[in-house]
Amino acid sequence: MTIVAQDSQMRSPVRRGAFITLEGGEGAGKSTQARHILQRLREMRIAAVGTREPGGSPDAETLRKLLLSGDAEALGPAAEAILFAAARIDHVDKKIAPALAAGTFVVCDRFADSTRAYQGATGRLDPRFLRALDRVALDELRPDLTVILDLPVEEARARSAARRNDNLGDRDRFEREGLGFHQTIREAYLSIAAEEPGRCVVIDARGTEAEVSRAIWATISRRVLRKPAAESAHGP
Ligand code: Z5A
């Protein structure tokens, strides 16, 4: 018990920076919009760091290669979910938590909701198992704001294909899944948003890059930047 308490204290430093995550299906524009957010924060002279999942820290990037190659798929959905959580623990401990404690904003391209949506979408994992993984991987950490970019799956596919010049060989383990799987992901994200409206906002990603960026920035201004200091600092 003592060890758990000590570990939990170590993994929950006082938070001063804000934690913003971007979620959604493949090709929805997460990476593009993460860059826009970082640029605007830096223009305001707010210290900000961009990161991504799976990955974000050197050891988590090693796990990313394994997960996206598809080599971990044979282990089954539970083991795959555990590997995503293992990567997240390292990422949180080495990069996200220290940055937040130093007062830096963290903008993360995918985070824990991706596990809920993607590994949950296999239909082969008990939601209690995924919640237990969250408790282990996140401790008390939750994003201040999660932007869910919502795009019809056909449109998302077309964007990704155009970017790859339709080279099917470049598809990762999840991009190789069919349209039905990606439709399930889209619905999973909308359910997460409905369950947690205080944390999540759904943005229609069908607009131009500039239109989507404006909608996201209006949300960040309202929900994160205008929050009273006492609410945006998450220390005990
Ligand atoms: N995964 C998981 O299963 N469990 C987990 O816990 C985690 C992840 C964390 C990681 O892939 C895979 O791992 C992911 C889920 C799984 N698989 N899938 N599918 P990733 O994050 O590296 O890849 P991705 O999400 O598929 O990223 P992406 O394809 O790069 O999508 P994006 O970042 O949302 O889109 P983008 O790169 O910003 O834009 C895509 C293209 O569209 C690009 O050419 C842009 O110039 C263009 N674009 C962007 N915005 C627009 C607008 N508004 N209009 C038109 N064109 C646009």
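Me: Which residues are exposed on the other side of α6?

Reply: Arg128, Arg135 and Val136. Exposed means over 50% relative accessible area, buried means under 20%, and partly exposed is in between (1.4 Å probe, protein chains only). Helices (H or I, at least four residues) and strands (E, at least two) are DSSP runs, numbered from the N terminus. Keep in mind that this is a predicted model, where local features need pLDDT of at least 70, side-chain atom pairs count only at pLDDT 80 or more, and totals for chains, interfaces and linings use all residues. Residues are numbered from 1 along each chain as its sequence is written, and side-chain values use heavy atoms, with hydrogens and water left out.

Me: And how do you know that the buried residues of α6 line one face of the helix?

Reply: Start with who they are: Leu130, Leu133, Asp134, Ala137 and Leu138. Looking down the axis of α6, these buried residues fall within an arc of 105 degrees, so they line one face. The arc is taken from the directions from the helix axis to the C-beta atoms. The general rule behind such a pattern is that an α-helix has 3.6 residues a turn, so residues three or four places apart point the same way. As for partners, the buried residues of α6 pack against α4 and α5.

Me: What span is expected for α6?

Reply: The expected span is 1.5 Å times one less than the number of residues. For the twelve residues of α6 that gives 16 Å, and the helix reaches 16 Å from its first C-alpha to its last, close to the expected value.

Me: Why does Leu225 count as partly exposed?

Reply: Its relative accessibility is 27%, which lands in the range between buried and exposed, so partly exposed is the label. Leu225 lies in helix α9 (residues 209–225). Leaving aside neighbours within four places in sequence, Leu225 is in contact (heavy atoms within 4.5 Å) with Leu41, Met44, Ile46, Phe105, Trp217 and Ile220. Its C-alpha is 8.9 Å from that of Ala18, 207 residues apart along the chain.

Me: What makes something a pocket and something else a cavity?

Reply: Both come from a 1 Å grid over the protein atoms alone: a cavity is a set of points where a 1.4 Å probe fits but cannot get out, while a pocket is an open set with protein on both sides within 12 Å along at least five of seven lines. Lining residues have an atom within 4 Å of a point. Points are joined across faces, edges and corners, and a volume is the space filled by probe spheres set on the points.

Me: Which residues lie nearest the centre of the largest pocket?

Reply: Lys30, Ser31, Arg64, Asp109 and Arg110, out of a lining of 34 residues. This pocket has a volume of about 850 Å³, and α2 gives the most to its lining, with six residues. By class, the lining has nine nonpolar, eleven polar and 14 charged residues. Ala, Val, Leu, Ile, Met, Phe, Trp, Tyr, Cys and Pro count as nonpolar, Asp, Glu, Lys and Arg as charged, and the others, Gly among them, as polar.
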